[in-house]
Every structure is written in structure tokens, then in C-alpha cells.
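Hi,

Here is the structure I promised to pass along.

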Amino acid sequence: MTEILLATFNGERFLPEQIESIINQSYTDYKILASDDNSSDCTFEILRSYESVLKEKIKVIQSDTHSAKENFYNLLDRADAEYIALCDQDDFWETDKLKKSVKAIKILEKNYGKDTPILVHSDLQIADENLNTGGRRMSDITGIRRILKHAVKESENLYTINTKQSFSRYLVENNITGNTVIINKALLNIYKRPKVSFMHDWWLGILAFTFGKVGFLDECLIKYRQHENNELGAKNPLEPGNIKNRNKEKIRENYDYMFSQVEEFLRLYKNELGNSKLSDTIFAYTTLKAFADMKSKNRISKIRDILKYSFFKSSKILTIGEMLNI
């Protein structure tokens, strides 16, 4: 059984199309757990109408968290299935999205053990409000293609990201898009809700990198709808408009969040990290500690650590910017 965690807030405009794309999945062994974050439009009523039709296939709850991140944490706190898939309210799932995601995570469980915490994410097609696509993929923005050079190919289009080649980069640049994520029960079992984090997908990625495996399915399984209310969206920081409008204060605030996120992870998983004898986990702990320690260092020392531990972003320009602002 796969449980789909659907977080909603004022999503009446696109929500029905997203739910219909789930109903039309070729993989049918699923249930939906939807949490509405105190919407002021008809989102909750739409969810309840589907609940009356789909019966046991969907359960609807209400939340009051005031953020997508915390709404997803609420859902993760309640999740209880063999596999857990995250779902945004405004996208469109291709017919085989769930089938291919479950197949991918089962391949990694077979190769690395069912008790291994595993997260799989995929590429997605960037679309406009009407789901028209121009051939742009999210991987064109995240820079994950550079990471795949060091990945292990598990099957056609499925890669396991190499921890020692990629983890340092991941701490300064998240390339996991949450609406494509599926995790297994082993990862859910070690999940702890943080008091401080940047985003839920980033947190789950650190967890999987540290204690298990991260897989990437090199296929576009979702149409990622872009509109004026996207909380983050598909934004390339190197596009001229984004460079011109960059907010240095916001950039430094984001780096502070990155430090706080790692400090929170080290606090919550202190015992697990200290007792682990797995080489990848020991490496992850060393890398996490080095990153957290940078916060109190001067500019020159931070730059040295960026070079020493390969805390690089997806391009040289972004890495230089990191050195100047972190």
C-alpha cells in the first residue's frame, strides 16, 4: 500500500485536476491522506466532496500550520504505510507516475535491503497554468545532471546518488523536488519532526543521505504547474531577471536557515550518528559537523572549508556567490 500525502491551502483552482490525475493512475493500491491548512476558499469542501465519492480511498483532515512545510510534517506524523508519496495541490501526475515510483523504490530495497531508509525523487516537466510545456525539465535548473556523473546506475533511468560525491553539495543546494518524492517505511520509521528546517523535502533528503540511500528516476513523471501562488516554483537563479532582483539580506537569511537546519539535525540524531558504524553515515556526520561549525568562522575560514569539504553549488558563479554571502 502507498499512502499519498496531499497538503492543501487555498487550492480550489487546480486541486480537482490534481486529484483526478491521481484517480487515473495505473497503480491503484493507494490511499490519500489530505490535510487542508485552514483554507479560506472552497478547497476543504472540494476535498470533502471527493471523500464522499472515493470513501476509504481518501481521508481528509484540517490543519492550522500556516505553511506548506509544517502541513507536510503534520501529514508525515500521521502517515503509516509501506510507501509514502508526497503530493502538491496544483500539479498533474502522469498516468504511470505512482507505478514507476513504487517500482523504483522496490528495486533499491532489493539491492540495498528493505530495512534501508530510501528516498526516490524524479525529474518533472515545467508547465504553465494550463499545463502547456515547452520542453523544460526541472533538472535543467537543479544541476542534478552533474551529480549523476558520480551516481550508480541501478536500472534504466534509475540512479543511486553517491553519498560521498554529492552530500556536501546537497547541504548548500537542494536538488530534491518534494512533489516527486516517495519514501519507504524504513525512512518513515526514523523520521523525527524538526523544530527548525528549510523545507520538508530538504529535511527528508538529509535524513536519507545520512542513514540510507537517495535514488533519482531520470524521467518526468509530473507536470509542475507554475503560477502566481507557487510557494517556491521553478526559478533559475542565473536568469538575468533573478540576478537583478536578488535580495542579499534574503540570501544571507537562507544561509542562516541552512546552518540551523543542520544544527537541528545534529541535535535530533545525536545518538544515532554517534553509534553508527556505517562508513557512509560516519562520513555524513563528519560533513554535517563541518558545515555547522562554519557558522561561527570568519570569511576566509568559511571559504577554506567550502573548498576543503566541497560545499559547492551547481555552478561556479553560484559557488562564488556562496563564498561571499555564507
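A search of the whole structure turns up 13 aromatic pairs (rings of Phe, Tyr and Trp, the last by its six-membered ring, with centres within 6.5 Å; planes under 30 degrees apart are stacked, over 60 edge-to-face and the rest tilted). Tyr170 and Trp202 have ring centres 6.3 Å apart and planes at 65 degrees, so they pair edge-to-face. Because Tyr170 sits in helix α7 and Trp202 in helix α9, the pair ties together parts 32 residues apart in sequence.

This is a predicted model: local features need pLDDT of at least 70, side-chain atom pairs count only at pLDDT 80 or more, and totals for chains, interfaces and linings use all residues. Residues are numbered from 1 along each chain as its sequence is written, and side-chain values use heavy atoms, leaving out hydrogens and water.

Back to those helices (DSSP runs of H or I, at least four residues, numbered from the N terminus). α7 covers residues 163-172 and α9 residues 200-211; they pack at about 155 degrees with axes 11 Å apart (axes are lines fitted to C-alpha atoms over the stretch in contact, and angles run from 0 to 180 degrees between N-to-C directions). The two are therefore roughly antiparallel (an angle over 145 degrees). Residues in the contact (heavy atoms within 4.5 Å) include Phe167 and Tyr170 of α7, and Trp202 and Phe209 of α9.

Best wishes

Technical notes: Parallel < 35°, antiparallel > 145°, perpendicular 65-115°, else oblique.
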